[in-house]
Amino acid sequence: MRRIVMPLLLLAVALGALLGSNFLSDRLHENLGEVAADDTVPPGVGTPLISTLRLRELLTPSLTEPDFFTTLDGLMATAPSASCLSVTLDDRDPPFYESGANIQAMPSEGMVLLTLATAHEVLGPDHRFTTSVQSTVPMDGGVVNGDIYLVGGGDPRLFTEGFLVTLAEDRQRHYTPIEDMAQTLVDDGLTLVTGAVVGDATRYDDLRYVPSWPESIIDSEKIGTLLALQFDDGWVQFPIPESEQTTEATDGTGGQDDANDYLAAEDPPFYAAALFDDMLEARDVVIRRSPRSEAVPDDEEIYVMALIESAPLSDLYHQILANRDIETTELLLKEIGLAASGTGSTSAGVQAVEDTLRDAGINGGQLQLLQFDGSGLDPANIATCPVFTSLLDSAEFSPLFHELLPTAAEAGPLRDRFAGVSDPGRINAFSGGSSSVTAMMGYIDIGLGQEVTFAFIANQPGADDNQAIRGLEEQIVRHLATLAAKPSLDDIGLLPIRSG
C-alpha cells in the first residue's frame with residue numbers, strides 16, 4: 001500500500017506546485033501587467049515569468065557568425081588612416097559597429113545627401129524654379145515701349161537646344177526649354193520692343209563660383225557658373241558633338257579644337273539676355289536696343305508677360321543623384337539660403353543645412369560636420385561617418401532616402417559592383433568619390449523587416465586613383481550583406497519584463 005501512496009503524494013505535490021505557479025503567474029499578469037486608464041504602464045511583467053515563450057529568445061539563430069566583427073576589424077585595419085565606418089541596426093543605440101567614429105574625413109559627393117535633405121525640408125518636393133519676362137509698361141498692340149526683363153529664378157536646367165544635344169540622354173531627362181517662353185511671347189502677339197532684353201540675376205548673389213573652391217576646381221571644366229540667371233550651365237562655349245561638327249580641316253592652329261573647349265561666360269545674365277534676344281528675333285520680333293544685364297526697377301509697376309517653370313524638385317532629386325549634377329546642387333543650395341534667410345548665397349544655404357540637421361537631431365554633440373558647398377566638391381568639407389547614418393536613420397529623412405537611393409539590382413554602377421550578392425535589391429546606396437576619396441552610404445535589408453544603415457568614407461591624400469579603397473568599400477558592403485536577421489521580441493510575441 002505504501003508503494004502506491006508515496007507516488008500519489010509526490011504527484012499531488014507536483015500538480016499543486018504547477019497549479020500554484022500558473023495561478024501566481026496569472027495574478028502577476030492581472031495585477032502588475034495591466035495598462036492604467038491614463039495609458040501609464042505600472043511596474044510589472046509583460047509575459048509570465050514561467051513561460052516557454054521566454055525560451056524562444058535562446059532558441060533563435062544568432063544574428064552573426066562568431067567571426068563577423070573580427071572580419072570587419074580586419075577590413076578596416078587595411079583602410080587609410082583617414083577612414084571611418086559606422087553601422088546601425090534598425091536605428092538602435094548603441095551603433096551595431098563603429099570604426100573611426102570620430103575621424104573627420106572629406107566625404108566628397110556624400111554632401112549632396114545633406115543638401116537634398118535640407119531642400120526637401122525647407123523648399124518642399126513641389127518647389128519649382130520660375131523664370132519670367134517682365135516689363136514696366138504693358139504691351140500695347142504687340143509693342144512694348146521700353147525694355148523687357150528676363151528675370152532669373154535660379155533654374156539650373158535652362159538649356160538651349162544647341163546645348164541639349166551635347167548631353168548624354170540621361171542628363172536630358174528634366175530640363176526647361178527656354179525657347180518655349182520666347183514662343184509664348186510671340187503667340188501672345190509681341191512684335192516690337194523699343195528697348196532691350198535685359199537680364200536680371202539679382203535673386204542670388206553675384207558670385208559665379210563657391211568662394212572657397214580652389215582654382216583647380218574652377219579650371220577643371222567640371223562646372224559652369226552659379227548665378228540666378230544663366231543658360232546652358234553658364235557656358236558660352238562647349239564641345240560640339242561629332243555628329244554636329246563640320247568636316248573642314250583645321251589650319252593647324254587648333255581652330256576647330258579650340259571651338260570644342262568649354263568656356264564660361266564672363267557675364268552669364270548678359271549672355272542669357274543676348275541669347276533670348278536672338279530667339280525673339282528669329283521669331284520676327286524687332287528689338288531696337290542691344291541686350292544688357294541689370295535689375296528690374298524696384299520703384300515701378302511690374303507687368304509679367306510670360307513665365308516658365310522647371311520640373312518639380314522631387315523630379316530633380318533623382319537627376320542630381322544619378323548625374324552628380326554640380327550646378328543644380330549648388331544653385332539649389334543658394335535657393336535654400338534664400339528661403340531660409342532671405343539671402344541667396346552659398347554661405348546662407350550652408351547655414352540652413354546646419355540648422356535643419358540640428359533641428360532633426362543630426363550633427364549634435366559628438367557628430368562633426370564642416371560644410372563649404374552643396375555638392376561635396378570642396379576639398380575642405382569634412383564629416384564623420386555617424387553624420388550620415390544619423391541622417392539616413394532620422395524620422396524626417398529616412399522615408400526620402402529609402403525612396404531615392406538606387407538599389408544594386410538597378411542598371412548602373414551599383415549593379416556592376418555588387419554582382420553576385422544574394423538578392424542585390426536589398427542594397428540601397430549612394431556612392432561618390434574622386435581619385436583620393438571614396439564614400440558610400442545606404443541601407444541593407446537583412447530580412448524579417450530589419451535593416452542595417454551604413455556609412456563608409458576613406459581618404460588617401462595624394463593618390464592617383466581610388467581603385468584600392470573602392471575595392472575595400474565593396475568588400476565591406478558585401479560583408480554587411482551577409483547579415484541575416486533574427487526574430488525580434490515583437491516577432492516572438494514576448495514582452496520584456498517592465499521595471500518601475
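The following exercises, with worked solutions, concern a predicted model.

Residues are numbered from 1 along each chain as its sequence is written. Local features need pLDDT of at least 70, side-chain atom pairs count only at pLDDT 80 or more, totals for chains, interfaces and linings use all residues, and side-chain values use heavy atoms, with hydrogens and water left out.

**Exercise 1.** State what average pLDDT the protein chain has, and examine residues 1-11 and 494-500.

*Solution.* pLDDT is the predictor's confidence in each residue, from 0 to 100. The protein chain averages 84, and 79% of the residues score at least 70. Over residues 1-11, pLDDT stays under 50, and the model has one contact (heavy atoms within 4.5 Å) beyond four places in sequence for them. Residues 494-500 also stay under 50, with 23 contacts beyond four places in sequence. Where pLDDT is low, the predicted coordinates should not be read in detail.

**Exercise 2.** Locate Gln230, decide whether it is buried or exposed, and list its partners.

*Solution.* Helices (H or I, at least four residues) and strands (E, at least two) are DSSP runs, numbered from the N terminus. Gln230 lies in the loop between α7 (215-218) and β10 (235-237). Buried means under 20% relative accessible area, exposed over 50%, and partly exposed in between (1.4 Å probe, protein chains only). Gln230 is buried, because its relative accessible area is 3%. A polar atom of its side chain lies 2.6 Å from the backbone oxygen of Thr225, and a polar atom of the Gln230 side chain lies 3.4 Å from the backbone nitrogen of Leu226. Leaving aside neighbours within four places in sequence, Gln230 contacts Leu158, Thr225, Pro268 and Leu331.

**Exercise 3.** Determine where Thr328 is found and which residues it touches.

*Solution.* Thr328 belongs to helix α11 (residues 326-341). With a relative accessible area of 3%, Thr328 is buried. Not counting residues up to four places away in sequence, Thr328 touches Pro156, Arg157 and Ile320.

**Exercise 4.** Place Ile302 in the chain and classify its accessibility.

*Solution.* Ile302 is in the loop between β13 (292-293) and β14 (303-309). Ile302 counts as partly exposed, because its relative accessibility is 31%.

Notes: A polar contact is a pair of N or O atoms within 3.5 Å; within protein, one must be able to donate a hydrogen and the other to accept it, and residues adjacent in sequence count only if both atoms are side-chain atoms.
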